[in-house]
Amino acid sequence: QVQLVESGGGLVQTGGSLRLSCAATGSIFSIITMGWYRQAPGKQRELVATITGGGVTNYADSVKGRFTISRDGAKNTVYLEMNGLKAEDAAVYYCQMQAVVQFSLGQYWGQGTQVTVSS
């Protein structure tokens, strides 16, 4: 059974920083991509950043230059370093993974971690 366990959310002031982590566990054969999505109240879930198994990154325009995604392949862990946080960054952040598990390609989600930005 594959699980994504997130940590690192919390309350931060505008302009502050947070680091999110997401560890994938289970019988994972190969990770294609890992990434972060977020969902604010009343809004649709949106992509924040993704990183491929080869290290290619992709960012939403709204976070470019402020957020950095990275991964530790040996630990099946992805990180999101968030700097210069703004009120509009407040949301539940979800870890997402596309991976081959038991010979099948699947998409997996974490339970979400809350990021609150106060002024």
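**Note on the predicted model of the protein chain**

1. Cys 95 is buried, since its relative accessible area is 0%. Here buried means under 20% relative accessible area, exposed means over 50%, and partly exposed lies in between (1.4 Å probe, protein chains only). Cys 22 is likewise counted as buried, at 0% relative accessibility.

2. The model is predicted, so local features need pLDDT of at least 70 and side-chain atom pairs count only at pLDDT 80 or more, while totals for chains, interfaces and linings use all residues. Residues are numbered from 1 along each chain as its sequence is written, and side-chain values use heavy atoms, with hydrogens and water left out.

3. The two cysteines belong together: Cys 22 and Cys 95 form a disulfide, with their sulfur atoms 2.0 Å apart. A disulfide is a pair of cysteine sulfur atoms within 2.5 Å, and a search of the whole structure finds one. Cys 22 lies in strand β3 (residues 18-25) and Cys 95 in strand β9 (residues 91-101), so the pair ties together parts that are 73 residues apart in sequence. The torsion about the S-S bond is about -85 degrees, and the disulfide is therefore left-handed.

4. As to secondary structure, the protein chain has eleven strands and zero helices. Both kinds of element are DSSP runs numbered from the N terminus: helices are H or I, at least four residues, and strands are E, at least two. The radius of gyration is 14 Å, close to the 14 Å that the globule rule gives for 119 residues, so the protein chain is as compact as a globular protein of that length. This radius is taken over C-alpha atoms, and the globule rule is 2.2 Å times the number of residues to the power 0.38. Along the principal axes, the C-alpha atoms fill a box of roughly 45 × 25 × 20 Å.

5. Of the 119 residues in the protein chain, 42% are buried. Contact means heavy atoms within 4.5 Å. Among contacts with a separation of 6 or more, 54% join residues 24 or more positions apart.

6. Ser 21 is placed in strand β3. With a relative accessible area of 18%, Ser 21 is buried. Not counting residues up to four places away in sequence, Ser 21 touches Val 5, Glu 6, Ser 7, Trp 36, Val 78 and Tyr 79.

7. Gly 10 is found in strand β2 and is partly exposed, with a relative accessible area of 24%. The C-alpha atoms of Gly 10 and Val 115 are separated by 5.1 Å, although these residues are 105 residues apart along the chain. Val 115 is also one of the residues that Gly 10 touches, together with Leu 18, Gln 114 and Thr 116, when residues up to four places away in sequence are not counted.

8. Thr 14 is in the loop between β2 (10-13) and β3. At 46% relative accessibility, Thr 14 counts as partly exposed. Leaving aside neighbours within four places in sequence, Thr 14 is in contact with Leu 85, Val 117, Ser 118 and Ser 119. The C-alpha atoms of Thr 14 and Gly 112, 98 residues apart along the chain, are separated by 21 Å.
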